[in-house]
Amino acid sequence: MRLICLVNNYLGWQALEFLREQAEIVMVVVHPRQRGKFEKEIRAAAVAAGAEILDADALRSADGLKRVVAVKPDMGISIMFGYLLKQEFLSLLPHGCLNLHPAFLPFNRGAHPNVWSIVDRTPAGVTLHYIDERVDTGDIVSQEKVPVVPTDTGESLYHKLERTGLELLREAWPAIESGQIKRAPQNLESGTSHKVSDVSGIDEIDLQKSYQAEDLLNILRARTFPPHRGAFFRHDGRKVYIRIQLEEERDGNNSKD
């Protein structure tokens with residue numbers, strides 16, 4: 001199978017390292033250098049796979065699409081890729097394009113699913129699904145829930161989703177390779193969706209506002225992900241950023257202060 005991989009971030013890099021041992025990767029589409037994460041590692045893996053490298057912005061141009069046509073891909077796989085894929089590109093893939101999304105669809109389509117699973121108390125997980133022209137609405141191939149525990153922060157949940165996502169891809173690969181993929185349509189009337197900008201609506205803590213304790217705690221822990229600044233309050237006109245640390249009492253810890 002000839003794959004075109006559209007990848008970014010640590011999970012994208014690790015998935016690419018797995019896939020280059022399983023299939024012929026003919027092209028790797030990467031974020032521009034100023035937007036890419038683990039960009040050097042991804043490019044090195046692409047070179048090791050013997051794949052052509054294409055900047056994501058080129059998918060919007062006729063020349064870029066011609067380069068895609070030239071490598072004759074059978075299927076695309078998108079992982080942590082931050083660009084909306086248009087039908088002009090998707091139509092070039094005879095077997096479609098899969099996306100590995102770090103959310104338990106139909107919950108938390110779109111951005112920051114690790115944050116909203118905590119804030120909204122919606123199920124967390126990872127989903128492998130087909131890409132259509134909307135955001136995270138395509139048919140589901142496989143998915144796995146990830147438990148959210150009281151000590152989770154946005155950071156810890158994010159890394160749990162990364163690990164589970166890579167394992168889900170590995171488990172699903174034999175069916176993908178053999179063409180025996182089972183797919184189930186999503187209920188588009190259910191679930192939740194968020195834009196990148198939605199976190200700005202929860203980040204500022206109003207010191208004059210009443211919060212339910214659980215709601216406030218969930219915002220603070222969901223937005224704890226250093227080095228990202230996250231939640232804040234204002235003092236003398238300046239932002240004061242908040243990070244919290246959570247630790248569960250261990251069994252047998254009956255010590256007294």
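I take buried as under 20% relative accessible area, exposed as over 50%, and partly exposed as in between. Arg2, at 26%, is therefore partly exposed. The model I am reading is predicted.

**Entry 1. Arg2 and its partner**

I looked up what Arg2 pairs with. Its side chain meets that of Glu24 in a salt bridge, at 3.1 Å from N to O. Arg2 sits in strand β1 and Glu24 in strand β2, so the pair ties together parts that are 22 residues apart in sequence.

**Entry 2. Other salt bridges**

How many salt bridges are there by this rule? I count 13.

I went to Asp215 next. Asp215 forms a salt bridge with Arg121, and the closest N and O atoms are 3.3 Å apart. Asp215 belongs to helix α8, while Arg121 is in the loop between α5 and β7 (124-130), so this pair ties together parts 94 residues apart in sequence. Asp215 has 31% relative accessibility and therefore counts as partly exposed. Arg121 reads 47%, so Arg121 is partly exposed as well.

I also noted a network of salt bridges that links Arg33, Glu39, Arg43 and Asp55.

**Entry 3. Arg223**

Is Arg223 buried or exposed? With a relative accessibility of 13%, under the 20% cut-off, Arg223 counts as buried. I place Arg223 in the loop between α8 (213-222) and β10 (232-235).

Its salt-bridge partner is Asp203, with the closest N and O atoms 2.6 Å apart. The pair links distant parts of the chain: Asp203 is in helix α7 (residues 200-203), and Arg223, in its loop, is 20 residues away. Both Asp203 and Arg223 are buried.

I listed the contacts of Arg223, leaving aside neighbours within four places in sequence. They are Val115, Val199, Ile202, Asp203, Gly230 and Ala231.

**Entry 4. Leu217**

I stayed with helix α8, where Leu217 is found. Its relative accessibility is 39%, so Leu217 counts as partly exposed. What does Leu217 contact, leaving aside neighbours within four places in sequence? The contacts are Ile244 and Leu246. I also checked Leu217 against Ile118. They are 99 residues apart in sequence, and their C-alpha atoms are 9.7 Å apart in space.

**Entry 5. Helix α1**

I asked how enclosed α1 (residues 9-19) is. Nine of its 11 residues are buried, so the helix is largely enclosed by the rest of the structure. The buried ones are Asn9, Leu11, Gly12, Trp13, Gln14, Ala15, Leu16, Phe18 and Leu19. What covers them includes β1 (2-7), β2 (24-30), α2, β4 (75-79), β5 (97-101) and α6 (154-178).

**Entry 6. Nonpolar cores**

I turned to the largest nonpolar core, which has 52 residues. Leu3, Leu19, Val28 and Ile79 touch the most other members. The largest share of this core, nine residues, comes from α6. Apart from this core lies another, of 20 residues, among them Leu6, Val29, Leu85 and Ile131.

Not counting residues up to four places away in sequence, Val28 touches Cys5, Val7, Leu16, Ile42, Ala46, Ala51, Glu52, Ile53 and Leu54.

**Entry 7. The largest pocket**

I looked up the largest pocket. Its volume is about 1200 Å³. Of its 43 lining residues, Met80, Gly82, Gly110, Ala111 and His112 are the closest to the centre. The elements that give two or more residues to the lining are α1, β5, α5 (113-119) and α6. Which of the elements gives the most to the lining of the largest pocket? The answer is α6, with four residues. By class, I read 21 nonpolar, 14 polar and eight charged residues in the lining.

**Entry 8. The cavity**

I found one cavity of 30 Å³ or more. About 40 Å³ of space lies in the largest cavity. Its lining consists of Val7, Asn8, Val30, His31, Gly36, Glu39, Ile42 and Arg43. Helix α2 (residues 39-49) gives the most to this lining, with three residues. By class, the lining has three nonpolar, three polar and two charged residues.

I cross-checked two names. Glu39 and Arg43 line the largest cavity, and Glu39 and Arg43 are also in the salt-bridge network with Arg33 and Asp55.

Notes
Residues are numbered from 1 along each chain as its sequence is written. This is a predicted model: local features need pLDDT of at least 70, side-chain atom pairs count only at pLDDT 80 or more; totals for chains, interfaces and linings use all residues. Side-chain values use heavy atoms; hydrogens and water are left out. Buried means under 20% relative accessible area, exposed over 50%, partly exposed in between (1.4 Å probe, protein chains only). Contact means heavy atoms within 4.5 Å. On a 1 Å grid over the protein atoms alone, a cavity is a set of points where a 1.4 Å probe fits but cannot get out, and a pocket is an open set with protein on both sides within 12 Å along at least five of seven lines; lining residues have an atom within 4 Å of a point. Grid points are joined across faces, edges and corners, and a volume is the space filled by probe spheres set on the points. Ala, Val, Leu, Ile, Met, Phe, Trp, Tyr, Cys and Pro count as nonpolar, Asp, Glu, Lys and Arg as charged, and the others, Gly among them, as polar. A nonpolar core is a set of buried Ala, Val, Leu, Ile, Met, Phe, Trp, Tyr and Cys residues joined through side-chain atoms within 4.5 Å. A salt bridge is a side-chain nitrogen of Lys or Arg within 4 Å of a carboxyl oxygen of Asp or Glu.
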